[in-house]
Every structure is written in structure tokens, then in C-alpha cells.
Amino acid sequence: PQQALNADSTVFFELYHASRESFTYLKEFYIGELAPEDLAAVPRASEDTASSDFMQQLREFATPFRLRHPRPEDAVHKSF
């Protein structure tokens, strides 16, 4: 819906997609992660927040396909 456009809409996902079957579509639409420093700039679509139980289930489901940002200390630099 329009209210969730360009905003953190996690709470709407929990409210409108109560079935965990909807999680199966996440991988199809997943395009990557925000850089941690950019996360604070994302506007919230609602004053409410998703429940901690929902967020835990979401993390467990998405872990196999989520991309990870490398930590600066793990960066590998190649010299040519």
C-alpha cells in the first residue's frame, strides 16, 4: 500500500501477512541489505514496531539467503 512506500514496513508485513507461508516469498523479492550506517535514515511507516517474536522468526527464516556486510576488520585487500 501507499503508506508503506519507501519506508521500513516490517510492522505492516507482520499485520497483513499473518501466515508464515508469506515468508516463502521473501527470498523472491530480497535484493540485499542496507549498510548499517544507512539504516537510521530509513523512515518508519508506522509508530508501531513489529513484535520481537515476529522479528526472531523472520531472522531464522531469512538467515540462509541474507547477504552479510563484511566487517572492516575482515576486509581483504588485493594489490595488483
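## How helix α4 packs

In this predicted model, the buried residues of helix α4 pack up against α1 and α2. Which residues of α4 are the buried ones? They are Phe 54, Leu 58 and Ala 62. If you look down the axis of α4, these buried residues fall within an arc of 55°, so they line one face of the helix.

Why can residues that are spaced out along a helix end up on one side? An α-helix has 3.6 residues a turn, so residues three or four places apart point the same way. Now turn to the other side of α4: the face pointing away from the buried side carries Ser 52 and Glu 60, which are exposed.

## A cluster of rings

Next, have a look at the aromatic side chains. The structure has four aromatic pairs. One of them joins Phe 23 and Phe 61, and this pair is tilted, with 5.6 Å from centre to centre and 55° between the planes. It's a link between distant parts of the chain: Phe 23 is in the loop between α1 (10–16) and α2 (26–29), Phe 61 belongs to helix α4 (residues 52–62), and the two are 38 residues apart.

Phe 61 also pairs with Phe 65. Here the ring centres are 6.1 Å apart and the planes are at 75°, so this pair is edge-to-face; the cut-off for that label is over 60 degrees. Zooming out, Phe 23, Tyr 30, Phe 54, Phe 61 and Phe 65 make up one aromatic cluster.

## Buried or partly exposed?

How covered up are these rings? Phe 23 has 3% relative accessibility, so it counts as buried. Phe 65, at 16%, counts as buried too, because the cut-off for buried is under 20%. Phe 61 has 31% relative accessibility and therefore counts as partly exposed. Phe 54, another member of the cluster, is among the buried residues of α4.

## The whole chain

What does its secondary structure come to? There are four helices and zero strands, and reading along the sequence gives you the pattern α-α-α-α.

The chain has 80 residues, and buried ones make up 19% of them. Take the contacts between residues at least 6 apart in sequence: 85% of those join residues at least 24 apart.

Definitions and conventions: Residues are numbered from 1 along each chain as its sequence is written. This is a predicted model: local features need pLDDT of at least 70, side-chain atom pairs count only at pLDDT 80 or more; totals for chains, interfaces and linings use all residues. Side-chain values use heavy atoms; hydrogens and water are left out. Buried means under 20% relative accessible area, exposed over 50%, partly exposed in between (1.4 Å probe, protein chains only). Contact means heavy atoms within 4.5 Å. Rings of Phe, Tyr and Trp (its six-membered ring) pair if their centres lie within 6.5 Å; planes under 30 degrees apart count as stacked, over 60 as edge-to-face and the rest as tilted. The arc is that of the directions from the helix axis to the C-beta atoms.
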